[in-house]
Amino acid sequence: MDSRPSPSPSPSPSPSPSSPSSSGVVVVFNPQQSRFQTSDGLAFLTYHIRPSSSGSSHGSLDLQHTYVPPSKRGLGLAGVLCKAAFDYAKEHNLRVIPTCSYVSDTFLPRNPEWKPLVGKSSRAAGL
């Protein structure tokens, strides 16, 4: 019998293990770097999880920055990353703070079904 400890699990893809989005893109949840990323790591959405300040059990997922390299722009990757982040927030009962201008100014107006998850912030107040 092998007595070596088993390796730690690698970051699990989110929202579902190795399931590509409807566009065929696999989004990986990478908590070590605080980001949702494409499987190659070139396109990503950074976040910060904020604990609740009001004492409730609901924290917030602050979506801070979306990056897609020039060679991959126009393929809808930013939207796929945002959808994965909103799915994660919904699954983990988190409010979303859309600090990133792409999330607040482009993704949410195009996807109003996600607005109920948006928490109050200076950018979100106008949504």
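**Rings and a buried glutamine**

The charged end of arginine 35 sits over the ring of phenylalanine 44, at 4.2 Å from its centre; a charge counts as sitting over a ring if NZ of Lys or CZ of Arg is within 6 Å of the ring centre and within 35 degrees of the ring normal. This is a predicted model, in which local features need pLDDT of at least 70, side-chain atom pairs count only at pLDDT 80 or more, and totals for chains, interfaces and linings use all residues. Residues are numbered from 1 along each chain as its sequence is written, and side-chain values use heavy atoms, with hydrogens and water left out.

The side chain of arginine 35 also makes a polar contact of 2.8 Å with the side chain of glutamine 37, where a polar contact is a pair of N or O atoms within 3.5 Å and, within protein, one must be able to donate a hydrogen and the other to accept it, while residues adjacent in sequence count only if both atoms are side-chain atoms. Glutamine 37 lies in strand β2, residues 35–38 (strands are DSSP runs of E, at least two residues, and helices runs of H or I, at least four, numbered from the N terminus). Because its relative accessible area is 10%, glutamine 37 is buried (buried means under 20%, exposed over 50% and partly exposed in between, with a 1.4 Å probe and protein chains only).

We turn now to the aromatic rings. The structure holds eight aromatic pairs, and rings of Phe, Tyr and Trp (its six-membered ring) pair if their centres lie within 6.5 Å, with planes under 30 degrees apart counted as stacked, over 60 as edge-to-face and the rest as tilted. The pair of phenylalanine 29 and tyrosine 47 is stacked, because the ring centres are 5.8 Å apart and the planes stand at 20 degrees. This pair links distant parts of the chain, with phenylalanine 29 in strand β1 (residues 27–30) and tyrosine 47 in strand β3 (residues 44–50), 18 residues apart. Phenylalanine 29 is buried at 11% relative accessible area, and tyrosine 47 is buried at 6%. Phenylalanine 29 also forms a stacked pair with tyrosine 88, at 4.5 Å centre to centre and 25 degrees between the planes. Ring pairs link Phe29, Phe36, Tyr47 and Tyr88 into a cluster.
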